[in-house]
Structure formats: C-alpha cells, structure tokens
Amino acid sequence: MKIIEGGICAVGDVLAGGACEDEFGVAVIVFKDSNASAVFTSNKLVAAPVTLTRGAISNGKLSAIVANSGNANCFTGADGMEDAMSMAKEVADNLVLDVEDVAVASTGIIGRKLPMGIITPLIKKAINNLENSNKASTYAAEAIMTTDTFSKEISVETKLKNGKKVRIGGITKGSGMIAPNMGTMLSFITTDIDATSDELKIALKKAVESTFNMIVVDGDESTNDTVVLMASGSSGGSIDENFQEALEYVCSRLARMIATDGEGATKLIEVQLTGAKTTKDARLAAKAVVSSSLVKTAVFGADPNWGRIVAAVGYSGADMDENSISICLGSDKKTVKIVDKGVVIVKEPSTDLEDAEEIMKENHIQIMIDIGLGDGLATAYGCDLSYEYVSINAEYST
C-alpha cells in the first residue's frame, strides 16, 4: 500500500467541485452509477439530509453527493426536508441524474433554516467547477469545512491478493461536536473496488468501528454524521484483507486529522490500550480515557496525572484489576513508565517525573495502557481541552 495524490479524485471517473461564500460552502461529488453504502449518526435527533440520504442509498446505488457547510439543516421541520430535496434536485437536473441517486449532507448550526438563496447558487458554481483532479478534491474538502482549520483528504493505492491494484480516496470534515459514534463529521470515500453494496456495508462498518468511532474531541454526538463509501468496480478486484486494511488506513488517517484539528486543540492525544479481556473492553477503556475532561485538561496543562487516567479506565465499564494495570506516557522523543502492574513507580522528585512532565509539553501525547488481563487492544484519538475551545463554542452561533 502506498499514499498517492488525488484525494477522492485519485479514483477514475470521480468528478468533484467546491464553491464558498462567506461562512457557507458547497461540495459536489459525482460518481455515476456507483455501488454505495453509508453509516450515519445514532443521535435520535436526525437532520433532514441524513433522512434523505438514508432513503437514497437504500437501493445500494448513488451517482452524486451534494454537501453544504454553514448550516446543519437540522431541527427545521418540513421546510428542512423540502430544502434537502431541493439540493438533490438541483444536482440531478443540472447533471441529468435520477434525483433518487443523489445523496445530501449538511454541517453547521442546528435549528436554523437553510439559506437556499445562498446554497442554490453555490451548488451551480460547484457543478461548473467539476473535474477529476487533485485540486478538485481539495476544493470539495475545503467547501465542507466549518470550524476546521485545515482541509482533510488522503488517497492510497494497494495491491489485492489476486495482484490487481485498487485505489481508495477520502475527504472529511470535523473539529468539534466529535464523540464516539462519529461526530459533526462528514466523510466521503471513493474506490474502484468491485463490490456489492452489502459487501461495502460490511467493510465500511468494520472500518468505522475502529477509526471514526474511536475519536473524541468534546463528547458531543452530532445530528448530521455521515460516512459514504462509493465504488465503481472498474478495478475488477474484489474485497479482501488487503482492501480492508487499506480502507481502515484511510479512515484512520482521516480520523486522526479530525482529532488533531479539534476545536481549540493544542495537542493530539493517542491512547493505545492493550491487555484487555476483549476488543470491546479495550475500546471502552480507550474511549473513556480520551473522553475524560480531567485527562484532557491535564494534557492541556502538561500535567502527567496518572490518577485521572486510571480512574477513567475504572469507570469505563471494561474489566480491570488495579493490581495488573500498567501505564506509560510517551512522545515522539521518549517514553516513561509511570505505573507497573498497579504500582506507581515514579517518585517525586525524580528524573522520571521530570521526563514525564517534558513529554506532556509535546504536541503529540501517547498514553499507553496495559490492563494485563487478555489480548484485547484498541487505539483512540482525541485532543486537549483548552480555553480556546470554550471561546469558539461560546460564540459559535453569534
């Protein structure tokens, strides 16, 4: 597997375009007659575009996606569904597609009517910019940004076990309202694998479970989460372990970008959890640590507070024994063991404690936890909780 250029347009026959005006943006992705599957938010409050896209993808086919930023089109009643349908129709009419094969996604402020006087012209501009190129993928990725500080895209090429080459490209957005079960996150992934929608669904759900569902910025679950996977079948290769590995790599890289770009974040937190009784326990414990407001603020303050870490494991719901747990703190420069099988081994003062404090000042903090009860493992990503996060969200809708 190798990283290549192109984002979603690294896959042949994919056209992308984007257009922006002030805080609003629209991306259009065209991948005609592709097999498709999607994963959505589990929030009981669901945005109109999520409802529409669930219906559009129910037959396992899509030809295009239109996504807007600046407004979530959620908690907007019948008007919201009418506006989402209007977005799909605008794309279908301009590109001569079946409107039932157009997915819609939105991100932004909840509870306000979509400004169609701005969105409709942006859709037309994005359609006029459609092309298959590196910059087209980037324009689409930029158009769906809200509080993001950088666009997020990646593409890879891998060789299947039968020798055929396959490509996967993805773009995503997200920096706040990010919690397990995805977040205010839109992600669109293209590939030339030859697979049915049911096969894509299995592969996508597996990938999402270990990647997008393992990132936490603030613990709030969005109403608009959408991940769509579309496939042309042009490679002639079918899904195997190599494809699954590549898909999970793409999703993992995109998820890590989201955690790195967390609202107000100054540090990336990576929790590597091993030794759990089961994979489920490992995920529970890793997400509890990366979700903990006390851990996140300790990281912001460069405090190697192992008590907060072990407490989060304890309330996570995972099986644990305080006499078997071990904890290390690490960065790209060094690693220090703090707890060894239930015993705190750093002394105060000591060079080990000084090293741990220096680690906590780095931009990428690794928290390595071995529960010591089995073979279950998981990795979760998050970020620190800073003053800037409060500032951003205190002024978000004003």
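These legends describe close-up views of a predicted model. Local features need pLDDT of at least 70, side-chain atom pairs count only at pLDDT 80 or more, and totals for chains, interfaces and linings use all residues. Residues are numbered from 1 along each chain as its sequence is written, and side-chain values use heavy atoms, with hydrogens and water left out.

**View A. Helix H6, residues 241-260.** Helices (H or I, at least four residues) are DSSP runs, numbered from the N terminus. The expected span of a helix is 1.5 Å times one less than its number of residues. For the 20 residues of H6 that gives 28 Å, and the end C-alpha atoms are 28 Å apart, which agrees. At the start of H6, a side-chain oxygen of aspartate 240 comes to within 3.0 Å of the backbone nitrogen of asparagine 242.

**View B. Buried residues of H6.** Buried means under 20% relative accessible area, exposed over 50%, and partly exposed in between (1.4 Å probe, protein chains only). Among the buried residues of H6 are Phe243, Leu247, Val250, Leu254 and Ile258. An α-helix has 3.6 residues a turn, so residues three or four places apart point the same way.

**View C. Asparagine 94 in helix H2, residues 77-95.** Asparagine 94 has a relative accessible area of 40%, so this residue is partly exposed. A polar atom of its side chain lies 2.7 Å from the backbone oxygen of glutamate 90. Serine 155 is 61 residues from asparagine 94 in sequence and 28 Å away in space, C-alpha to C-alpha.

**View D. Glycine 77, also in helix H2.** Glycine 77 is exposed, with a relative accessible area of 55%. Alanine 47 is 30 residues from glycine 77 in sequence and 9.3 Å away in space, C-alpha to C-alpha.

Terms used: Helix = DSSP H or I, 4+ residues; strand = E, 2+ residues; numbered from the N terminus. Polar contact = N/O pair within 3.5 Å; in protein donor to acceptor, adjacent residues only side chain to side chain.
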